[in-house]
Amino acid sequence: MRKLGSGGSSVTGVPLRAMDTATMDLGAIKQAMAKTNELFNSEVFGKRNFAAIGQIYTTDARILPPGRLMVFGRLEIEGFWFDIIRSYNAKSIARQSLDLMPAGEGLVEVGRSVITAEPAEQPEVQVDIKYVVFWKQEDGLWKWHVHIWNQSW
Amino acid sequence: MDTTNADLIAIKQKMAKTNDLFNTEVFGKRNFDALDQIYTTDAHILPPGAPPTSGRQAIKGFWSGLIQSVNAKSAVLESVKVMPTGDGVVEIGKALLTIEPPGQAQSQIDVKYVVFWREEDGRWKWHVDIWNMNA
């Protein structure tokens with residue numbers, strides 16, 4: 001397999017370009033990604049500012065939540081998180097990146113997260129999640145373009 | 001990424017072959033060695049309700065255990081969205097699993113998945129595989 005960042009072209013027949021993440025400063029990208037992740041915790045979960053979803057997901061993002069059908073488009077995704085966070089009284093989400101793989105102009109991230117929730121009249125619970133996110137840059141921000149997760153560790 | 005249509009059609013054909021192997025060989029014939037042609041050597045799977053598993057040998061153990069314990073019969077995979085990404089492809093898909101656990105009637109399970117594909121030894125294989133159930 002031809003290696004990313006080695007010059008020449010990718011196996012999909014397209015020449016590698018400056019936009020390919022394998023040729024970019026991964027440290028800077030990771031910082032930008034951390035900002036996006038922090039927004040999800042502090043704004044969406046912490047303040048229930050669902051408009052912040054616009055800075056987290058791409059316009060035509062897709063999420064694949066367990067127990068539901070795939071959700072397409074940022075507005076629909078905003079509705080999904082509005083319902084879930086309110087119905088479970090979710091308080092926070094802590095994310096931990098386990099693996100990050102350059103993927104053309106994007107990145108594929110494997111990670112785990114812990115969601116803290118306090119459903120009505122129930123004690124606080126923590127839920128272990130593992131996830132895969134396909135990241136893309138949009139409007140100068142690194143955002144989630146495909147997001148799938150499942151429960152249990 | 002602006003992969004040409006011809007490139008993408010060729011890649012999709014190769015992906016379809018890999019997906020078909022998973023159904024016919026691994027589920028249909030319980031030929032778990034066929035997983036060598038499906039997963040990259042250092043692949044990762046993230047199954048629902050179980051810890052992540054890395055490396056093809058460990059992944060073989062996972063599928064061998066699961067398929068035999070639930071007496072799985074078939075896994076029909078269908079690509080929903082294919083996104084070329086430099087050296088790889090991100091695929092969103094759906095799968096219909098048919099199982100017949102001992103003492104139970106045959107049942108079907110709707111699954112959706114994301115696979116990050118990479119080429120290894122001239123084959124398009126699954127490098128990261130995560131899925132969950134629709135219900």
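This is a predicted model: local features need pLDDT of at least 70, side-chain atom pairs count only at pLDDT 80 or more; totals for chains, interfaces and linings use all residues.

Me: What share of chain A's residues counts as buried?

Reply: The figure is 45% of its 153 residues.

Me: OK, the sheet. What order do the strands of chain A take?

Reply: The order is β2-β1-β6-β5-β4-β3 in chain A, in an open sheet with mixed pairing. At the edges sit β2 and β3 of chain A, and each of them pairs on one side only.

Me: What packs on that sheet?

Reply: Helix α1 of chain A, residues 26–46, does. It touches β3, β4, β5 and β6 of chain A, and its direction makes about 160° with that of β3(A). Helix α2 of chain A, residues 74–87, lies across β1, β2, β3, β5 and β6. That helix runs at about 50° to β1(A).

Me: Let's zoom in on β1(A). Is it largely enclosed or open, and why?

Reply: Strand β1(A) is largely enclosed by the rest of the structure, because six of its eight residues are buried.

Me: Which strands does it pair with?

Reply: With β6(A), β1(A) pairs in the parallel sense over four bridges. Tyr57(A) has Trp144(A) as its bridge partner there. With β2(A), the pairing is antiparallel, over two bridges.

Me: What actually holds paired strands together?

Reply: Strands of a sheet pair through backbone hydrogen bonds.

Me: New topic: charges. How many salt bridges are there over all chains?

Reply: The structure holds 12. One of them joins the side chains of Arg95(A) and Glu109(A), at 3.7 Å from N to O. Arg95(A) is in β3 and Glu109(A) is in β4 of chain A, 14 residues apart.

Me: Are those two buried or exposed?

Reply: Arg95(A) is buried, and Glu109(A) is too.

Me: What about chain B? Which residues are linked in a network of salt bridges?

Reply: The network links Asp33(B), Asp36(B), Arg56(B), Lys60(B), Glu120(B) and Lys125(B). Within it, Asp33(B) and Lys60(B) meet at 3.2 Å, N to O. Asp33(B) is in the loop between α1 and β1 of chain B, while Lys60(B) is in helix α2, 27 residues apart.

Me: Where do those two stand on burial?

Reply: Asp33(B) is exposed, with a relative accessible area of 51%. Lys60(B) is buried, at 12%.

Me: How far apart are Arg56(B) and Glu120(B)?

Reply: Their closest N and O atoms are 3.3 Å apart, in a salt bridge. Arg56(B) is buried, with a relative accessible area of 15%. Glu120(B) is buried as well, at 16%.

Me: Last one, Glu91(B). Where is it found?

Reply: Glu91(B) is in strand β4 of chain B, residues 88–99. That strand runs antiparallel to β3(B), joined by 12 bridges.

Me: Which side chain of opposite charge is nearest to Glu91(B)?

Reply: Lys12(B), and it is 9.6 Å away. Glu91(B) is buried yet has no salt bridge.

Me: So what does the side chain of Glu91(B) make a polar contact with?

Reply: The side chain of Ser79(B), at 2.5 Å. Glu91(B) is also in contact with other residues beyond its sequence neighbours, including Met15(B), Tyr113(B) and Trp117(B).

How values were computed
Residues are numbered from 1 along each chain as its sequence is written. Chains are lettered from A and ligands numbered from 1 in the order in which they are written. Side-chain values use heavy atoms; hydrogens and water are left out. Buried means under 20% relative accessible area, exposed over 50%, partly exposed in between (1.4 Å probe, protein chains only). Lys and Arg count as positive and Asp and Glu as negative; His and the chain ends are not counted. A salt bridge is a side-chain nitrogen of Lys or Arg within 4 Å of a carboxyl oxygen of Asp or Glu. A polar contact is a pair of N or O atoms within 3.5 Å; within protein, one must be able to donate a hydrogen and the other to accept it, and residues adjacent in sequence count only if both atoms are side-chain atoms. Contact means heavy atoms within 4.5 Å. Two strands pair if DSSP finds at least two bridges between them. Axes are lines fitted to C-alpha atoms, for helices over the stretch in contact, and angles run from 0 to 180 degrees between N-to-C directions. Lists of a residue's contacts leave out its neighbours within four places in sequence.
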